Amino acid sequence: MSFKSYMDIALQEAQDAAARGEVPVGAVVISPEGEVIARAGNRTREDNDPTAHAEMLAIREACARIGSERLGGCALYVTLEPCAMCAGAIAAARIGRLYYGASDPKSGGVAQGARVFAHPQCHHAPEVFDGIAEEDSAAMLTAFFAARR
């Protein structure tokens with residue numbers, strides 16, 4: 001079986017988020033069969049909700065769609081390393097694989113900072129693959145923040 005990346009969908013969601021004035025982060029949840037079951041971009045400003053990160057929104061949508069609080073066997077693609085809050089939700093949802101683009105030295109919670117999946121209280125850790133479309137993800141974030149300075 002060959003690897004198929006769905007990061008292009010997450011990047012499109014990030015671009016859509018930027019067009020709405022949101023930090024350009026996008027996420028997509030893929031079923032074990034390779035079907036897109038949820039996709040989202042950041043909506044923290046639009047929804048006035050600090051938890052409306054792309055990952056959280058995509059996880060909520062995927063769980064609602066399949067009718068379960070668990071997403072075992074599913075994969076999550078996200079353009080930026082998840083923060084500690086999102087990493088906690090990924091663990092709680094029992095997502096099987098996490099693919100992310102750019103690392104986040106400031107707020108990351110996977111390889112940086114809290115390192116949620118390495119914590120002894122973490123009951124589930126997905127397989128983690130970083131650097132997927134890293135340059136595209138990082139460039140989008142850099143351009144977004146440069147335009148606001």
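Let's start with Tyr-99. Tyr-99 is buried, at a relative accessible area of 7%. Buried means under 20% relative accessible area, with a 1.4 Å probe and protein chains only. Tyr-77 is buried as well, at 3% relative accessibility.

A word on the source. This is a predicted model, where local features need pLDDT of at least 70, side-chain atom pairs count only at pLDDT 80 or more, and totals for chains, interfaces and linings use all residues. Residues are numbered from 1 along each chain as its sequence is written, and side-chain values use heavy atoms, leaving out hydrogens and water.

Now the rings. Rings of Phe, Tyr and Trp (its six-membered ring) pair if their centres lie within 6.5 Å; planes under 30 degrees apart count as stacked. That rule gives four aromatic pairs. In one of them, Tyr-77 and Tyr-99 are stacked, 4.4 Å centre to centre with 10° between the planes. Tyr-77 sits in strand 3 (residues 75-80) and Tyr-99 in strand 4 (residues 97-102), so the pair ties together parts 22 residues apart in sequence. Strands are DSSP runs of E, at least two residues; helices are runs of H or I, at least four; numbering goes from the N terminus. Tyr-6, Tyr-77, Tyr-99 and Phe-129 make one aromatic cluster.

On to the helices. Which residues of helix 3 meet helix 4? Glu-55, Met-56 and Ile-59 do, and their partners in helix 4 include Met-85 and Cys-86. Contact here means heavy atoms within 4.5 Å.

Definitions and conventions:
Phe/Tyr/Trp six-rings, centres within 6.5 Å; stacked < 30°, edge-to-face > 60°. Buried < 20%, exposed > 50% of the residue type's maximum accessible area, 1.4 Å probe, protein only.
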